[in-house]
Amino acid sequence: MQTIIYEKPKTLTDTPTHFCPGCGHGIVLRLIAEIIDTWGIRSKTIGLAPVGCAVLAYNYLDIDMCEAAHGRPPAVATGIKRVHPDHVVFTYQGDGDLAAIGTAEIIHAANRGENITFIFVNNAVYGMTSGQMAPTTMLGQKTATTPSGRDVINYGNPIRICELLAVLDGSSYLERVSLSSPENIRKTKKALEKGFKTQIEKRGFSLIEILSPCPIYWRMDANESMKYIDEDMTRTFPLGVVKDWEHKN
Amino acid sequence: MKQLLTGNEAAAEAAILAGCRYYYGYPITPQNELINYMSVRMPQVGGTFIQAESEIAAISMVHGSAAAGGRSMTSSSSPGISLKQEGISYLAGSELPCVIINIQRGGPGLGDISASQADYFQAVKGGGHGDYHTIVLAPSSVQEMADLVYDAFDMSDNYRNPVMILGDAQIGQLMEPVEFYKKQKNNLPAKNWSLTGAQGRKRNIIKSFYPVKGELEEFNAHLQKKYKMIEEHEIRYEAINIHEADIILVAYGTSARICKEVVKKSQQFKFKVGMVRPITLWPFPKEIIRRISEKVQCILTVEMSAGQMVEDVRLAVESRCPVHFYGRTGGGVPTSLEVIRKIVEIVPDNKVANTLLKLAEVK
Ligand SMILES: Cc1ncc(C[n+]2csc(CCOP(=O)(O)OP(=O)(O)O)c2C)c(N)n1
Ligand code: SF4
Ligand SMILES: [Mg+2]
């Protein structure tokens, strides 16, 4: 007798991903696919791909998906959710997409309390366009457009999206997690499940912010990237639940 | 039963009757009657009304609802339509049906809130990035606004292409009797491409990104083929006195109403005036204008702009006859007398003879 301990989720296609070695995007997509499989919701799930390194998410996830213009997934998802209020609708967005060009869209989706799950992959750079500063780039972090490190005088401070959205009455569940270790990846999966549960139970707006490595534009190897998340990134972006409809404080 | 409505309200009611259940807007004068009307009517029919945070968000919501298979619409006026161009390009590139109403006001910039036709280029030449076309319909009365809104939804579903209704402050805010009688076409193609959840079928993907070399060129060739088909089947115009005319006026929307008055008044003259009123601005009625240009002395294009549609008239005429232009901008509306003066100025001497004397008496 063979017992299956680990296999490729059915909701992941056989298409090889285009992500760089050590990138976090592939892990997050896999977690989403696992949840869709386990919960048997493939036929009622609709995803939104961002403009960013994860734009081709629709090649990897075997579900109905829509592309949106850069930053607009929250508005496009709103339009989809109004047509299919009982479907599970999620967006998958990078930090440039969600926290810079799409700031208005995410704030107002939260403020309307859209019953949608927002998956926010924070890698502190613009991966797709070759590693420029993101709104979440940390002070001192060197990027293609902050060659001597981000300084507060010229570029302001990194934006903490979970904390920003927490002050809006329309947001229901906000949590920040990371991909820095198997344990943290398990926590990320839990957070994603909670996000989808929030939506399925019609509890409103949920956003999971995932600290994710971009070894290429952090100019590190995969191991150093994980250490960087734990030792540097989490100081600016503390992990944990920021808001939860189940435990109102 | 006839109702007395503004063009804006007629557009909204026609959309509802045509089965539009998803409307997203952002307030801007002179289209406010439309968004206000929708906020009342959509909930009554179980539809969705959202006052979005911007025109960008509104067109993106249309993107979503259209992708999910719902009849969707947004409306705005010039500055807001500029913001929608990103979304319109994505909708065209994703081959999604939707209706966009532009109640034009004066520009550039914040301009003013009075009637204008200065967004013609933006509407018919693409407006956003990439090789694409929206179908552009130009009503010149409240009744025609209602009629064209029904047709716009059917055309957009039929071709999986955005359709823009290009009105102006005059058409939007004018009150006229209107009747809603049109029926939705029932032989429209099924939306089996739409996002409904991959139940018992392969996944559907709505996208406009083709990074693999050669794929985008192939997709563009497909779009161009579709545009050709639209040009072959959908051109509409109204022609008045074109067979006996010495001079032909070309005008759309509010300008066309004024030109109709000119045609009527010109019965007092020695020379004959006819007119062509394009109803589809894209596809443009080039063939009829080309044929006319072979017979008339000259053509006069009248617009509430510094001269935009006149370029398409010239392209159709290809120098077969002189093409003149009369326009007012920035809220200026041409009067029939101004147009007549212009006609007298451009009509060959032998035709004009004793007309000049009468000009002062033109009623
Ligand atoms: C309107 C617009 N502006 C700029 C771009 C170029 N662009 C593509 S992806 C991107 C940033 C992506 O960064 P992020 O959202 O953080 O995603 P990542 O690649 O890091 O996952 C930019 C600026 C674009 N496609 N569209
Ligand atoms: S550039 Fe960064 S975010 Fe993009 S695929 Fe490579 S590692 Fe991932
Ligand atoms: Mg990023």
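**Domains, ligands and backbone**

Modeller: We begin with chain B, which is divided into domain 1 (2–187 + 204–233) and domain 2 (238–361); such bounds come from an automatic or database domain assignment. This is a predicted model, in which local features need pLDDT of at least 70 and side-chain atom pairs count only at pLDDT 80 or more, while totals for chains, interfaces and linings use all residues. Residues are numbered from 1 along each chain as its sequence is written, chains are lettered from A and ligands numbered from 1 in the order in which they are written, and side-chain values use heavy atoms, with hydrogens and water left out.

Biologist: How many residues does each domain of chain B give to the contact?

Modeller: Contact means heavy atoms within 4.5 Å. Here domain 1 of chain B gives 32 residues and domain 2 of chain B gives 25 residues. Their centres, taken over C-alpha atoms, are 29 Å apart. Buried area is the accessible area (1.4 Å probe) that two parts lose on being put together, summed over both. For these two domains of chain B it is about 2400 Å², with 52% on carbon and sulfur atoms.

Biologist: Which residues come nearest to ligand 1?

Modeller: A residue is near a molecule if one of its heavy atoms lies within 4 Å of it. Ligand 1 has 16 residues around it, and the nearest are A:His25, A:Cys53, A:Asp95, A:Asp97 and A:Gly127.

Biologist: Where does ligand 1 have polar contacts?

Modeller: A polar contact is a pair of N or O atoms within 3.5 Å; within protein, one must be able to donate a hydrogen and the other to accept it, and residues adjacent in sequence count only if both atoms are side-chain atoms. An oxygen atom of ligand 1 lies 2.8 Å from a polar backbone atom of A:Asp97, and an oxygen atom of the ligand is 2.9 Å from a polar backbone atom of A:Cys53. For A:Asn123, an N or O atom in the side chain is 3.1 Å from an oxygen atom of ligand 1.

Biologist: Which element gives the largest share of the shell around ligand 1?

Modeller: Helices (H or I, at least four residues) and strands (E, at least two) are DSSP runs, numbered from the N terminus. The largest share, four residues, comes from α4(A).

Biologist: Where is a cis peptide bond found in chain B?

Modeller: One joins B:Thr29 and B:Pro30, with omega about 5 degrees. B:Pro30 lies in the loop between β2 (22–25) and α2 (32–44) of chain B. The bond from B:Trp282 to B:Pro283 is also cis, with omega near 0 degrees, and B:Pro283 is in the loop between β13 (280–282) and α10 (286–293) of chain B.
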